[in-house]
Amino acid sequence: MASNPYKDLLKTIQAKEKAKTPGEEFVADINRYFQVSKESYVPSKSIKPSGLGGCFRMQYYVLQGADRDVGSLEKAENITIQCCGNDAHDRLQNACQDAKRFGIDITWCEPEIEARRAYQSGIKTIIKRRDGNELLCYNEDYRASFKCDGIILFQDKKYIFEVKTEEYYKFNCRVAPEPKHVYQAGMYCLCFGIDRVMFLYEDRNLTFRKAYAVEITQELKDEIIDRIHHVLAYSDAKKLPPKEKDKCLYCSYKQLCKKSGNTEAFSLVELREIIANEQPEKDRE
Ligand code: SF4
């Protein structure tokens, strides 16, 4: 049976209709407020480091500016969990900025200065916008736009600072950073010419914290660069990557992906050949 793209919208209206007490009606209204007031996000046509460890097809859609799923509203709780995540980021970033005042050996590095330093060393990263602690950066070498949580000095070593919040059970079992988070922060390392990441995971329930200092090796950098080139090559060759169903959890292109069906996988070499063959004769001279 074909799925109804408006089922989620209907669900929120039905929640209000089903409410039996003023309290239930109030919750239905508050939830609806979070859903309808959330500004819709249209991603720019660029590589997103947070998606680097994810599905290539999803990244292809982002690079092509494809239409995102219509008619589905995010759950109110998912929206407010994101808000909690943003609040935690702010609180932890502010702590790093203020630590020096209490004689604690954490120094916050000004991102603009770090971007300028990277630029002078040949890494084309710029800060496009700064909104409070939130930094929107762009790197021309990899056509990547991203938000970096910060850069710190800790015990005389410079780190990319990366905050992650997660639910208690996941946090409790955590013994190392998530591989996809290492890809993401590893890309920030490439974009700022820094070789270390300080991951700070916080439990959303009781705010316990675990941190992991990770060295981004040349091998890992090469792997990250390879993934970026591969995704960009799919996009430049206009070849839709195959589905990666094990990575479908947070994807806004499910309707389009289903319509497109399965496709063939290409290696980076094959894609480069396709791109070269498609170039007009005079460009190749
Ligand atoms: S729906 Fe799944 S397979 Fe399709 S683009 Fe999204 S993550 Fe990839």
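1. A residue is called buried if 20 or more other C-beta atoms lie within 10 Å of its own, exposed if 12 or fewer do, and partly exposed in between, with C-beta atoms placed from the backbone. With 13 C-beta neighbours inside 10 Å, Asn 86 therefore counts as partly exposed. Asn 86 is part of helix H4 (residues 76-98); helices (H or I, at least four residues) and strands (E, at least two) are DSSP runs, numbered from the N terminus. Between Asn 86 and Thr 165 there are 79 residues of sequence separation, yet their C-alpha atoms are 9.2 Å apart in space.

2. On the basis of the model: this is a predicted model, in which local features need pLDDT of at least 70 and side-chain atom pairs count only at pLDDT 80 or more, while totals for chains, interfaces and linings use all residues. Residues are numbered from 1 along each chain as its sequence is written.

3. Overall composition. The protein chain holds 11 helices and 8 strands. Its C-alpha atoms fill a box of roughly 70 × 60 × 35 Å along the principal axes. Of the 285 residues in the protein chain, 26% are buried. Among contacts between residues at least 6 apart in sequence, 66% join residues at least 24 apart; two residues are in contact if their C-beta atoms, placed from the backbone, lie within 7 Å.

4. The sheet of 3 strands. This sheet is open, with the order E2-E3-E4 and antiparallel pairing; two strands pair if DSSP finds at least two bridges between them. Strand E2 (125-131) and strand E4 (144-148) are at the edges, and each has a single partner strand, so one side of each is left without a neighbour in the sheet. On average, neighbouring strands of this sheet are turned by 25 degrees against each other, direction ignored. For these angles, axes are lines fitted to C-alpha atoms, for helices over the stretch in contact, and angles run from 0 to 180 degrees between N-to-C directions. Strand E3 (residues 134-139) pairs with E4 in the antiparallel sense over 5 bridges, and Tyr 138 has Ser 145 in E4 as its bridge partner.

5. Helices on that sheet. Helix H5 (residues 111-120) packs on the sheet and touches E2, E3 and E4, with its direction at about 170 degrees to that of E2. Helix H7 (residues 179-192) also packs on the sheet, touching E2, E3 and E4, and its direction makes about 105 degrees with that of E4.

6. The sheet of 5 strands. An open sheet is formed in the order E1-E5-E6-E7-E8, and its pairing is mixed. At the edges stand E1 and strand E8 (209-215), each with a single partner strand, so one side of each is left without a neighbour in the sheet. Neighbouring strands here are turned by 35 degrees against each other on average, direction ignored. H7 packs on this sheet, touching E5, E6, strand E7 (196-203) and E8, with its direction at about 150 degrees to that of E6.

7. Pairing around E5. Strand E1 (residues 106-109) and strand E5 (residues 151-154) pair in the antiparallel sense over 4 bridges, and Ile 106 is opposite Phe 154 in E5. E5 and strand E6 (residues 157-166) likewise pair in the antiparallel sense over 4 bridges. Phe 154 is opposite Lys 157 in E6, and Ile 151 has Ile 160 in E6 as its bridge partner. The hairpin of E5 and E6 has 2 residues between the strands, and in it Gln 155 takes a positive phi near 50 degrees.

8. The residues around the ligand include Cys 55, Cys 248, Cys 251 and Cys 257, together with Arg 57, Lys 243 and Glu 244; a residue is near a molecule if its C-beta atom, placed from the backbone, lies within 6 Å of it. Helix H3 (56-64) and helix H9 (254-260) each supply at least two residues of this shell. By class, the shell has 6 nonpolar, no polar and 6 charged residues. Ala, Val, Leu, Ile, Met, Phe, Trp, Tyr, Cys and Pro count as nonpolar, Asp, Glu, Lys and Arg as charged, and the others, Gly among them, as polar.

9. Helices H2 and H10. Helix H2 (residues 22-37) is hardly covered, as the count of buried residues among its 16 residues is 0. Glu 278 lies in helix H10 (residues 268-278) and is exposed, with 11 other C-beta atoms within 10 Å. The C-alpha atoms of Glu 278 and Lys 48, 230 residues apart along the chain, are separated by 26 Å.
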